Amino acid sequence: MTHADRLAAFVALGQRLTALLSPAQAEELTELFIRARNNNPWFDAPNVRGALEGIADMLREEPLRHWAARYRSEPNPAPRLVGVVMAGNIPLVGFHDALCVLLSGHHLLAKLSSDDTLLMRWVLNELTTIEPRFIDAVQLAERLNAADAFIATGSDNTARYFEYYFGKKPHIIRRNRTSLAVLTGRETPHELGLLGEDIFRYYGLGCRNVSKVYAPTGYNFPLLLDALQPWQHVLQHNRYQNNYDYNKSILLVNAVPHLDSGFLLLTESARLVSPISVLHYSTYTTEVDLVDQLTDAAPQTQCLVSGGGQYPGSFAFGQAQHPALADYADGVDTMAFLAGLD
């Protein structure tokens with residue numbers, strides 16, 4: 001199969017997802033939503049739709065071809081078997097790794113997360129239906145001993161396990177990361193409302209979810225909480241509400257100062273990662289102070305957002321959960337890694 005064949009198959013997959021998301025296929029899509037939520041209660045219809053829309057956008061022909069053109073396109077004379085340990089914290093989070101492995105001409109040996117087996121199996125089946133020659137290049141397995149190289153995503157604890165077992169072969173091993181927001185006090189209510197997408201999409205379970213904000217000393221936090229009110233529907237999810245009730249009780253019992261919007265708890269903390277339903281904040285006095293704090297946090301930062309993306313290296317509010325093809329996890333170029341396996 002040529003590079004052009006592989007590229008065409010992924011473009012066709014994007015078109016299939018776009019068609020699935022149209023009103024004409026509402027029945028099939030609803031059935032997929034039900035099956036996904038039965039597999040993982042966090043994967044409700046809005047979040048599965050959001051994930052499918054993100055992949056469909058990723059597979060649009062023009063940006064896909066433009067991205068792929070940055071890498072080798074000649075036939076791969078010796079495809080490697082690449083073991084991929086996929087995460088399952090948000091729907092289809094492992095898709096980008098699968099795309100990179102297969103588009104680069106290698107073979108995929110995937111260990112699916114128990115939290116995201118149905119959707120990943122479904123999308124890989126759709127791909128092999130579109131291009132049956134991918135059948136020989138896609139394997140699902142519980143053990144990855146046979147792999148020539150590895151891409152693994154997990155917690156800091158599992159990363160140590162991955163290093164032990166995979167460290168002697170080429171590998172990318174990803175650890176815990178989270179995302180941060182910079183506030184200046186000059187944001188409009190509309191801009192602050194957009195930040196809700198970065199905080200609440202996927203109920204805060206993803207590494208691209210904002211778990212902490214940095215605000216100038218004396219910032220008016222009630223203004224932020226008011227702007228986030230349209231997201232109060234997250235409390236309708238029983239698991240989110242359970243987390244909210246639990247974390248609220250912990251803050252109250254321990255007499256930790258906090259603000260409570262009725263569905264989000266805001267508290268000052270040096271920690272970057274916050275529990276579900278909690279948003280941490282730190283304050284800064286000067287631009288230099290802010291830069292120092294962000295520099296300290298950089299090794300654990302997946303992405304940074306700010307109003308209009310004005311802060312250097314940041315996404316605009318509302319865009320953290322909409323990465324482009326080249327927005328690689330942990331900043332490691334997966335395609336370049338795969339190209340170097342020959």
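Helices here (H or I, at least four residues) are DSSP runs, numbered from the N terminus, and the expected span of a helix is 1.5 Å times one less than its number of residues. The structure is a predicted model, in which local features need pLDDT of at least 70 and side-chain atom pairs count only at pLDDT 80 or more, while totals for chains, interfaces and linings use all residues. Residues are numbered from 1 along each chain as its sequence is written, and side-chain values use heavy atoms, with hydrogens and water left out.

**Helix H2**

Helix H2 covers residues 26-39, and at 1.5 Å a residue its 14 residues should span 20 Å, which agrees with the 20 Å between its end C-alpha atoms. Buried means under 20% relative accessible area, exposed over 50%, and partly exposed in between, with a 1.4 Å probe and protein chains only. In H2, the residues Leu29, Leu32, Phe33 and Ala36 are buried. They cover an arc of only 105 degrees around the axis, taken from the directions from the helix axis to the C-beta atoms, and so they sit on the same side of H2. An α-helix has 3.6 residues a turn, so residues three or four places apart point the same way. On the face of H2 turned away from its buried side are the exposed residues Glu27 and Asn38.

**Neighbouring helices**

Contact means heavy atoms within 4.5 Å.

Axes are lines fitted to C-alpha atoms, for helices over the stretch in contact, and angles run from 0 to 180 degrees between N-to-C directions. The axes of H1 and H3 come within 8 Å and cross at roughly 140 degrees. That makes H1 oblique to H3, since angles under 35 degrees count as roughly parallel, over 145 as roughly antiparallel, 65 to 115 as roughly perpendicular and the rest as oblique. Where these two helices meet, Gly14, Leu17, Thr18 and Leu20 in H1 touch Leu52, Ile55 and Ala56 in H3.

**Helix H5**

Nine of the nine residues of helix H5 (residues 95-103) are buried, so H5 is largely enclosed by the rest of the structure. One of the residues in H5 is Ala98, which is buried with a relative accessible area of 2%. Not counting residues up to four places away in sequence, Ala98 touches Met86, Leu108 and Leu124. Just after H5, Gly105 takes a positive phi of about 95 degrees.
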